[in-house]
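Please walk me through this structure, part by part. I have not seen it before and would like a plain account.

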Amino acid sequence: VSRGEIIDGKGMAAEIRLELKEKTETLVQQGVRPGLAVVLVGEDSASQTYVRGKIKACNEVGVYSELIQLPEDTSEKALLARIDQLNQDQSIHGILVQLPLPAQISPDRVIAAIDPEKDVDGFHPIQAGRLLTGLDAYLPCTPHGILRMLKRSGIALEGKHAVVVGRSNIVGKPVSLLLQRENATVTMCHSRTRELSSYTRQADILVAAVGRYHMIGAEHVKEGAVVIDVGMNRSPEGKLAGDVDFEAVRPLVSHITPVPGGVGPMTIAMLLYNTVQSAQRVASLT
Ligand code: NDP
């Protein structure tokens with residue numbers, strides 16, 4: 001039995017980027033270069049960092065990228081008009097609007113305005129509905145990345161008890177669905193859950209997707225569990241850190257993802273995966 005094995009998301013993401021680079025080269029030979037538009041409204045510094053990472057990954061794989069930076073005071077109408085242009089733009093196969101958006105813009109209306117076929121984040125209600133009902137869909141990037149990490153680490157899911165802490169539309173809910181689809185038995189916990197540790201201690205697979213520094217400690221895990229840490233928080237010293245107290249939990253568990261270097265890079269790799277998939281669909285139609 002392995003002990004405290006680190007799931008190397010960074011390394012796995014690099015491997016996936018290499019695979020995608022080959023696919024991209026094939027597509028370019030067929031006359032289609034996959035293209036991703038990244039829309040950033042305002043000056044949020046965390047968002048700027050994420051967006052830079054996404055553009056850099058595109059360049060590495062040979063995916064064309066377009067960064068659309070709009071001022072903080074952009075109106076919803078202006079943003080919707082820009083999205084409409086991107087929907088029509090044949091060089092763009094994926095559209096990503098970086099969240100959060102400034103208060104004057106409704107993220108729901110913006111997401112609904114993206115052509116579902118270009119919704120490589122998988123946030124459009126059509127994509128979410130496809131996922132829920134078991135149809136082909138763009139899988140949301142973070143949940144998809146988590147699934148890939150588990151599979152590449154040889155972790156069996158069938159019949160296992162997976163406990164997911166967090167029920168957001170972008171992480172908690174879809175990762176629960178994907179784990180269930182892999183025949184795990186899934187428990188979803190959230191801010192109103194009573195005695196959280198009584199659930200998390202039963203987990204064979206524990207996914208922490210809350211956004212609270214070190215909220216999962218040694219008392220929350222079962223010996224030999226697999227722990228996936230989605231959280232991106234700042235430690236009191238200002239360092240990037242997850243929801244899991246890595247040092248305290250690692251000796252108890254069989255596998256654990258680090259922050260940074262775990263779920264984050266895999267999320268970006270899956271964004272490229274969806275963009276390449278979208279371009280492949282277009283190539284097969286022409
Ligand atoms: P949200 O804030 O949308 O959701 C947080 C969830 O945690 C909610 O469902 C909330 O419950 C639950 N929660 C809050 N407090 C508690 C508590 N005390 N006990 C149990 N559950 C609680 O966050 P996201 O899902 O968007 O993101 C979660 C974290 O993951 C963040 O740190 C974010 O930065 C990170 N993240 C990382 C990504 C990556 O690529 N690595 C990608 C996306 C997110 P309720 O529903 O009841 O309010």
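In this predicted model, the ligand is surrounded by 25 residues. Those closest to the ligand are Gly 166, Ser 168, Ser 191, Gly 211 and Thr 267. Sorted by class, the shell around the ligand holds 12 polar, 10 nonpolar and three charged residues. Helix 10, which covers residues 263–285, supplies the largest share of this shell, with three residues.

The protein is divided into domain 1, residues 32–117, and domain 2, residues 140–263. Taken over C-alpha atoms, the centres of domain 1 and domain 2 are 28 Å apart.

Helix 10 also takes part in a helix pair. Two packed helices are described by the angle between their axes and the distance between the axes. Helix 1, residues 9–29, packs with helix 10 at an angle of about 15°, and their axes are 9 Å apart. Angles under 35 degrees count as roughly parallel, and helix 1 and helix 10 are therefore roughly parallel to each other. The crossing of helix 1 with helix 10 is left-handed. On the side of helix 1, the contact is made by Gly 9, Lys 10, Met 12, Ala 13, Ile 16, Arg 17, Leu 20, Lys 23, Thr 24 and Leu 27. Helix 10 contributes residues including Val 263, Pro 265, Met 266, Ile 268, Leu 272, Tyr 273, Val 276 and Ala 283. By class, this contact between helix 1 and helix 10 has 15 nonpolar, four polar and three charged residues.

Where are the cis peptide bonds to Pro 100 and Pro 260? The bond from Leu 99 to Pro 100 is cis, with omega near 0°, and Pro 100 sits in the loop between strand 4 (94–97) and helix 4 (107–113). Val 259 and Pro 260 are likewise joined by a cis peptide bond, with omega about 0°. Pro 260 belongs to the loop between strand 11 (255–256) and helix 10.

A further backbone detail concerns Asn 183. Although Asn 183 is not a glycine, its phi is positive, at about 70°. Asn 183 is located in the loop that runs between helix 7 (172–181) and strand 6 (185–189).

Terms used: Residues are numbered from 1 along each chain as its sequence is written. This is a predicted model: local features need pLDDT of at least 70, side-chain atom pairs count only at pLDDT 80 or more; totals for chains, interfaces and linings use all residues. A residue is near a molecule or strand if its C-beta atom, placed from the backbone, lies within 6 Å of it. Helices (H or I, at least four residues) and strands (E, at least two) are DSSP runs, numbered from the N terminus. Ala, Val, Leu, Ile, Met, Phe, Trp, Tyr, Cys and Pro count as nonpolar, Asp, Glu, Lys and Arg as charged, and the others, Gly among them, as polar. Domain bounds come from an automatic or database domain assignment. Axes are lines fitted to C-alpha atoms, for helices over the stretch in contact, and angles run from 0 to 180 degrees between N-to-C directions. Angles under 35 degrees count as roughly parallel, over 145 as roughly antiparallel, 65 to 115 as roughly perpendicular and the rest as oblique. A crossing is left-handed if the near helix is turned anticlockwise from the far one by less than a right angle, and right-handed if clockwise. Two residues are in contact if their C-beta atoms, placed from the backbone, lie within 7 Å.
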